[in-house]
Amino acid sequence: VAATGPETQKQAAELAHSLGLPVVSELPHLNLRRKAKTESSAFPWNMLLVMRQERLELQERGPRAAGPVYADFIGGSLGYRSEHGGIKQLITRAVGIKRGRRPTVLDATCGLGRDAFMLASLGCNVHMVERDAVVSALLRDGLSRANKDPRCHQIIENYLTFSETDAIRLMEESPPGQETDVVYLDPMFPETKSKAQVKKEMRLFRNLLGHEGDAPRLLSVAIAYARERVVVKRPRHGAPVAGVDPACSMEGKSTRYDIYFTH
């Protein structure tokens, strides 16, 4: 965990302690996109959580480093989708949102929470689950900043909950009657042979998390848990999880939603 100056040292130290990570007390001049030989002994880490005054970022180091990744619920495409997307977006149709109908949703692999927040902005009660501590720290930081915005605060207060835990264990240990209508899964997209640059967030998360091989079990547990359906986000031409064909799919330009009805 790196601080960008004296004003963020305390926050960086507290976060590093909570995550069990080493801390760099001050990092005002390091160019994160380079990894000079003179820096290699002082900074042996290829990835840093950078504590800035305005937000927490996950940042690669090296000549091909991607730009910073952080949770943002106010600006960019998510802000626009939440404000203008309405119920006609592909994901909302996939989870079963209709006029007068807002299913409860367990986002079992929420990552930085974009899809969960968008569904919550439309009135779904969404429980976000993320098991990785670093990704959870980024998510909490984003939620904390969003809470300062009046509209986002209302969404978070009324429709979002978050747990840092393993979703499989949560579903298996949940008492009867506490299931949700929909379980939403966004497992890490499989690597492809394409030479196209992988989206920076996915690239960083692959470097951070490695290959997550429990998607088949996650799907199986989710199908047993959900009251109505399981929705799995996939690349448009990707194979279904574990080779299990869905009941139906909804396709966009680059993304497909596989739907498994449970009852």
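1. The side chains of Asp141 and Arg145 are joined by a polar contact of 3.0 Å, a polar contact being a pair of N or O atoms within 3.5 Å, where within protein one must be able to donate a hydrogen and the other to accept it, and residues adjacent in sequence count only if both atoms are side-chain atoms. Asp141 lies in helix α5; helices (H or I, at least four residues) and strands (E, at least two) are DSSP runs, numbered from the N terminus. Asp141 counts as buried because its relative accessibility is 18%, and buried means under 20% relative accessible area, against over 50% for exposed and partly exposed in between (1.4 Å probe, protein chains only). Beyond its neighbours within four places in sequence, Asp141 is in contact with Arg55 and Leu56, contact meaning heavy atoms within 4.5 Å. Asp141 and Arg55 are 86 residues apart in sequence, yet 6.9 Å apart in space, C-alpha to C-alpha.

2. On provenance, this is a predicted model in which local features need pLDDT of at least 70 and side-chain atom pairs count only at pLDDT 80 or more, while totals for chains, interfaces and linings use all residues. Residues are numbered from 1 along each chain as its sequence is written, and side-chain values use heavy atoms, with hydrogens and water left out.

3. The chain has nine helices and 10 strands. Of its 263 residues, 47% count as buried. Among contacts between residues at least 6 apart in sequence, 64% join residues at least 24 apart.

4. Helix α4 (residues 114–121) and helix α6 (residues 150–159) have axes that come within 9 Å and cross at roughly 90°; axes are lines fitted to C-alpha atoms, for helices over the stretch in contact, and angles run from 0 to 180 degrees between N-to-C directions. That makes α4 roughly perpendicular to α6, the term covering 65 to 115 degrees, with under 35 roughly parallel, over 145 roughly antiparallel and the rest oblique. Phe117, Ala120 and Ser121 in α4 meet Arg151, Cys152, Ile155, Ile156 and Tyr159 in α6. By class, this contact has six nonpolar, one polar and one charged residues, where Ala, Val, Leu, Ile, Met, Phe, Trp, Tyr, Cys and Pro count as nonpolar, Asp, Glu, Lys and Arg as charged, and the others, Gly among them, as polar.

5. Seven of the eight residues of α4 are buried, so this helix is largely enclosed by the rest of the structure. The buried residues are Asp115, Ala116, Phe117, Met118, Leu119, Ala120 and Ser121. Just after α4, Gly123 takes a positive phi of about 105°. A positive phi of about 60° is also found at Ala242, although that residue is not a glycine; Ala242 lies in the loop between β8 and β9 (248–251).

6. The largest nonpolar core has 44 residues, a core being a set of buried Ala, Val, Leu, Ile, Met, Phe, Trp, Tyr and Cys residues joined through side-chain atoms within 4.5 Å. Those with the most contacts inside it are Leu49, Leu119, Val126, Met128, Leu160 and Val231. Helix α5 (residues 133–146) gives the most to this core, with seven residues. Apart from it lies another core, of 19 residues, among them Leu106, Met171, Leu185 and Val221.

7. Met128 is found in strand β5 (residues 126–129) and counts as buried at 1% relative accessibility. Not counting residues up to four places away in sequence, Met128 touches partners including Asp107, Cys110, Ala116, Leu143, Leu160 and Phe162. With the same exclusion of neighbours within four places, Leu160 is in contact with Ala116, Phe117, Ala120, Val126, Met128, Leu143 and Ile155.

8. In helix α9 (residues 215–225), the buried residues Ala215, Leu218, Leu219, Val221, Ala222 and Tyr225 may be inspected together. The buried residues of α9 pack against β4 (105–107), α7 (167–173), β7 (182–185), β8 (229–235) and β10 (255–261).

9. Thr4, in the loop between β1 (2–3) and α1 (9–19), is buried with a relative accessible area of 17%, and its side chain reaches the backbone oxygen of Met51 at 3.2 Å. Thr165 has its place in the loop between β6 (160–163) and α7, where its side chain makes a polar contact with the side chain of Arg169 (3.3 Å).
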